[in-house]
Amino acid sequence: MIVKKKKGVLSRPTLALLIIYCLAVFLFFLAELKFLGLDEHLRATNQVLILFALLIFPFIIINMPSFIQSLTFKISDKEFNIQLNDLENSLNQTINKVQSQVSTAEQSLWPMLAGTDVRSKERLIGETPTLIIGAKADPSQLFFTQLFACAIQHYNANIRLDIHYPNGDSMRNFAELKYRWLDMYMDYTGTCIQYFNIAHKKNDGSAKSDTEIVDELNVYGKNLGMKWLPSLGASEDYCLVMTPESMREHDIESLADLKTKAASLIISADPEFINRKDCLLGLIDYGIRFKEVLPCSVSDRYAALESNEADVFVGYESDPQLMRKEVEQLTDPDQFFPRYIAVPIVSTEALEHLNGLEDALSLLEDCMSTQELNNIVSKIEKANFDPERAKAEAAIVFANALKKRA
């Protein structure tokens, strides 16, 4: 056997376990020799020693890449090579995938376990009511929280606004709204219809209108104590994107092309995209299976762009990378992705106790275009997600909305 070494040492936890293991085995050995009467207090069967060996074995395997680069076994005239670096990378990728799935699930689990916030009504009444606004970790969501703030404080400046940004993914915000841990947040129609298995197409294959989608959502909302309000006008559609060079290299223009070519490509995707049926799970049913999924946070979707670690990226309409032509959107001839129209979702409890709140938020109906949202997102990103910049942009949009209503 040929062993190739590389620089490095065992990690501290593994070293500690090895020391404990060696001391235990040594004590068992002394007991077998009846040294100092240890045999009266400490005996080890063969099974116990085997269990000790099995206990320490996984830690040795995990840390072997720290000091051995590869192992080569020679049996007769055949040679077998194991690259421990590859083993370590594969293990890390598996751990990352499991962690991303667990973190997505646990975000929506705690409100369910905690149940309804018993103090939600108390929070909404009184001389200085408090309204909690949730948001996902995204520059457009940061902007929308400030846009809501403009409309609400225009209606009643005495309302105290508690903005939770960022506040997890869509499922987290949806669960918290249902159980009254927050009072409103902004989501997209394409995301919300997944909760209730609402189709985004009619029986004839044509797409449903924004109004039809919102009406269907509110059929379910009545029983959940929440209401979807009219669209803000802008959309932030999901899409898959690639660099122009990569598209030419692989001869890919559409999602349909990926059905035959995704098996050799790596996609970079955030946990929410990975675990949703309108996203990666649905793409698998659609016939697109990637060689590998590289997990990332929603704000770092393009982190692997310069390093060329991924070939395909999850995109939004508002991505500055699309505007700068760093990446190009793959066409969607079969309308796999539904439309993701921006709509406020508010608890009916808040609407009941804060008279005029719905009228105030209705001022935002069709208040902006997708292009305007794209420009705003680009400015917020350049300002390093500064809430004051988001607040300034929201004030401009709201002022224009009031002018249209005048």
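Q: How do strand 6 and strand 13 pair, and over how many bridges?
A: Strand 6 (residues 184–188) pairs with strand 13 in the antiparallel sense, over 5 bridges. Two strands pair if DSSP finds at least two bridges between them. Helices (H or I, at least four residues) and strands (E, at least two) are DSSP runs, numbered from the N terminus.

Q: What kind of model is this, and which limits apply?
A: This is a predicted model, in which local features need pLDDT of at least 70 and side-chain atom pairs count only at pLDDT 80 or more, while totals for chains, interfaces and linings use all residues. Residues are numbered from 1 along each chain as its sequence is written, and side-chain values use heavy atoms, with hydrogens and water left out.

Q: Back to strand 13. Which residue there is the bridge partner of Asp187?
A: Asp187 has Val343 as its bridge partner in strand 13.

Q: And how many bridges join strand 7 to strand 13?
A: Strand 7 and strand 13 run antiparallel and are joined by 3 bridges. Met226 has Ser347 as its bridge partner in strand 13.

Q: How many residues of strand 13 are buried?
A: In strand 13 (residues 342–347), 6 of its 6 residues are buried. Buried means under 20% relative accessible area, exposed over 50%, and partly exposed in between (1.4 Å probe, protein chains only).

Q: Which residues point one way from strand 13, and which the other?
A: Ala342, Pro344 and Val346 point one way, Val343, Ile345 and Ser347 point the other way, and all are buried. In a regular strand the side chains alternate between the two faces of the sheet.

Q: How many bridges join strand 8 to strand 12?
A: Strand 8 (residues 238–242) and strand 12 run antiparallel, joined by 2 bridges. Met242 stands opposite Glu328 of strand 12.

Q: Which residues have the most contacts inside the largest nonpolar core?
A: They are Leu240 and Phe273, in a core of 67 residues. Helix 5 (residues 139–155) gives the largest share of this core, 9 residues. A second, separate core has 17 residues, including Ile132, Phe196, Ile198 and Leu224. A nonpolar core is a set of buried Ala, Val, Leu, Ile, Met, Phe, Trp, Tyr and Cys residues joined through side-chain atoms within 4.5 Å.

Q: Aromatics now. How many aromatic pairs does the structure hold?
A: There are 13 aromatic pairs. Rings of Phe, Tyr and Trp (its six-membered ring) pair if their centres lie within 6.5 Å; planes under 30 degrees apart count as stacked, over 60 as edge-to-face and the rest as tilted.

Q: Why is the pair of Phe143 and Phe144 tilted?
A: The ring planes of Phe143 and Phe144 stand at 55°, with centres 5.4 Å apart, so the pair is tilted. Phe143 is buried at a relative accessible area of 0%, and Phe144 is buried at 1%.

Q: What about Phe196 and Trp228?
A: Phe196 and Trp228 form an edge-to-face pair, 6.1 Å centre to centre with 80° between the planes. The two are 32 residues apart: Phe196 lies in the loop between helix 7 (189–195) and helix 8 (210–224), and Trp228 lies in strand 7 (residues 226–228). Phe196 is buried at 14%, as is Trp228 at 1%.

Q: Where does Lys259 lie relative to Tyr286?
A: Lys259 lies over the face of Tyr286, 4.1 Å from the ring centre. Arg301 lies over the face of Tyr316, at 4.2 Å from the ring centre. A charge sits over a ring if NZ of Lys or CZ of Arg is within 6 Å of the ring centre and within 35 degrees of the ring normal. Tyr286 and Tyr316 are among the residues that ring pairs link into a cluster.

Q: Finally, how many salt bridges are there?
A: The count is 15 salt bridges, each a side-chain nitrogen of Lys or Arg within 4 Å of a carboxyl oxygen of Asp or Glu. Asp251 forms one with Lys261, the closest N and O atoms being 3.7 Å apart. Asp251 lies in the loop between helix 9 (244–250) and helix 10 (255–261) and Lys261 in helix 10, so the pair ties together parts that are 10 residues apart in sequence. Asp251 is exposed at 54%, whereas Lys261 is partly exposed at 25%.

Q: Which residues form salt bridges with Arg276?
A: Glu272 does, with the closest N and O atoms 2.5 Å apart, and Asp278 does, at 2.6 Å. Glu272 and Arg276 are buried, and Asp278 is buried with a relative accessible area of 4%.
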